[in-house]
Amino acid sequence: MSSKTNPIQIWDNCRDLVELSFEANTVIGLRMMGLAGLWPVAPSEISRMITEKQFAFARSATAAGMSAISGNLPDQVLKAAIAPVRASTTANVKRLSNF
């Protein structure tokens, strides 16, 4: 483990956060179009959009906590926190756009 923050990791985290924001907005847009009847979505989408956040954020908090307890640097802790949320948004974009 390095005692210095890696500048490449900072840029990597920034890219992940930008991609996360684009994916989240895409998911919101597809779901809103689905709720308006303009895009086909499953009937369970309303409950899914609430419950999945709880699990994603719980996994994110756990990953960040474990990373911090392991003595990782802040950029590594952030990377661990981003990964579970990105996994959810990426999966949602693929699932919602494949109808």
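What covers the buried residues of α1? In this predicted model, in which local features need pLDDT of at least 70, side-chain atom pairs count only at pLDDT 80 or more, and totals for chains, interfaces and linings use all residues, the cover includes α2 and α3. Residues are numbered from 1 along each chain as its sequence is written, and side-chain values use heavy atoms, with hydrogens and water left out.

Helix α1, residues 7–35, is one of the DSSP runs numbered from the N terminus (H or I and at least four residues for helices; E and at least two for strands). Its 29 residues reach 42 Å from the first C-alpha to the last, close to the 42 Å expected at 1.5 Å a residue, where the expected span is 1.5 Å times one less than the number of residues. The buried residues of α1 include Asp12, Asp16, Leu20, Val27 and Arg31, buried being under 20% relative accessible area, exposed over 50%, and partly exposed in between (1.4 Å probe, protein chains only).

Arginine 31 counts as buried because its relative accessibility is 4%. Apart from neighbours within four places in sequence, arginine 31 is in contact with Glu45, Arg48, Met49, Glu52, Lys53, Asn92, Arg95 and Leu96, contact meaning heavy atoms within 4.5 Å. The side chains of arginine 31 and glutamate 52 are joined by a polar contact of 2.7 Å, that is, a pair of N or O atoms within 3.5 Å, of which, within protein, one must be able to donate a hydrogen and the other to accept it, residues adjacent in sequence counting only if both atoms are side-chain atoms.

In helix α2 (residues 45–69), the 25 residues should span 36 Å at 1.5 Å a residue, and the end C-alpha atoms are 36 Å apart, which agrees. Glu45, Met49, Glu52, Ala56, Ser60, Ala64 and Ser67 of α2 are buried, and what covers the buried residues of this helix includes α1 and α3 (74–97). Glycine 71, with a positive phi near 90°, follows α2.

Leucine 35, which is placed in helix α1, counts as partly exposed because its relative accessibility is 42%.
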